[in-house]
Amino acid sequence: MSQSWSTSWLLWALLSAAFAALTAIFAKVGVAHIHSDLATLLRTVVILALVAAMVGFGGSWQAPGEIPARTWIFLILSGLATGASWLCYFRALKLGDAARVAPVDKLSVVLVAIFGVIFLGERLSALATLGVVLIAAGAALVALG
């Protein structure tokens, strides 16, 4: 099944990367004069408002009772992991350079590949495996350099 560029996962992934880069820069400046946990809370309130508006105006609301229990469990776990990640990320930005923190944070790409293979039964080609190794090496070089 072919997808047009406007609905391609690649477009959304590239936009995610661009916004993640801006997040690091904006957060580094924003966390400079307040505790990193408070900065995370304030950022989360903004995100909540934005996503609530998107769900409300985009017509994607679904009654909570219609959502399967398994979905709730994994979304709650994902939310807890996201919160922990954000708290750690902002603390790291408070203490370190954005140019070093962000690449280490992107080791999540490596971990997702590994976890995808182990827990989801996904397969990586030799070329994809090489890419994962290079991402890990690149993050290490930036962090240690």
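**Notebook: salt bridges and pockets**

I started at Lys106, which at 36% relative accessibility counts as partly exposed. My classes are buried under 20% relative accessible area, exposed over 50% and partly exposed in between, with a 1.4 Å probe and protein chains only. Asp105 is also in the partly exposed class, at 24%.

Ground rules next. I am working on a predicted model, where local features need pLDDT of at least 70, side-chain atom pairs count only at pLDDT 80 or more, and totals for chains, interfaces and linings use all residues. Residues are numbered from 1 along each chain as its sequence is written, and side-chain values use heavy atoms, with hydrogens and water left out.

**Entry: salt bridges**

I searched the whole structure and got two salt bridges. The criterion was a side-chain nitrogen of Lys or Arg within 4 Å of a carboxyl oxygen of Asp or Glu.

Lys106 pairs with Asp105; the closest N and O atoms are 3.3 Å apart. Asp37 pairs with Arg91, with closest N and O atoms 3.1 Å apart. Asp37 sits in helix H2 (residues 36–58) and Arg91 in helix H3 (residues 69–95), so this bridge ties together parts 54 residues apart in sequence. I took helices as DSSP runs (H or I, at least four residues), numbered from the N terminus. Asp37 is partly exposed at 34%. Arg91 is partly exposed at 36%.

**Entry: largest pocket**

I then looked for pockets. On a 1 Å grid over the protein atoms alone, a pocket is an open set of points where a 1.4 Å probe fits, with protein on both sides within 12 Å along at least five of seven lines; lining residues have an atom within 4 Å of a point. Volume is the space filled by probe spheres set on the points, which are joined across faces, edges and corners.

The largest pocket holds about 770 Å³. It has 22 lining residues, and Ser85, Trp86, Asp105, Lys106 and Ser108 are the closest to its centre. H3 gives the most to the lining, seven residues. I counted 14 nonpolar, five polar and three charged residues there. Nonpolar covers Ala, Val, Leu, Ile, Met, Phe, Trp, Tyr, Cys and Pro; charged covers Asp, Glu, Lys and Arg; the others, Gly among them, are polar.

**Entry: second largest pocket**

I found about 650 Å³ here. Of 21 lining residues, Thr23, Arg43, Val46, Ile47 and Leu50 are the closest to the centre. H1 supplies the largest share, nine residues. The lining has 17 nonpolar, three polar and one charged residues.

Note on methods: Helix = DSSP H or I, 4+ residues; strand = E, 2+ residues; numbered from the N terminus.
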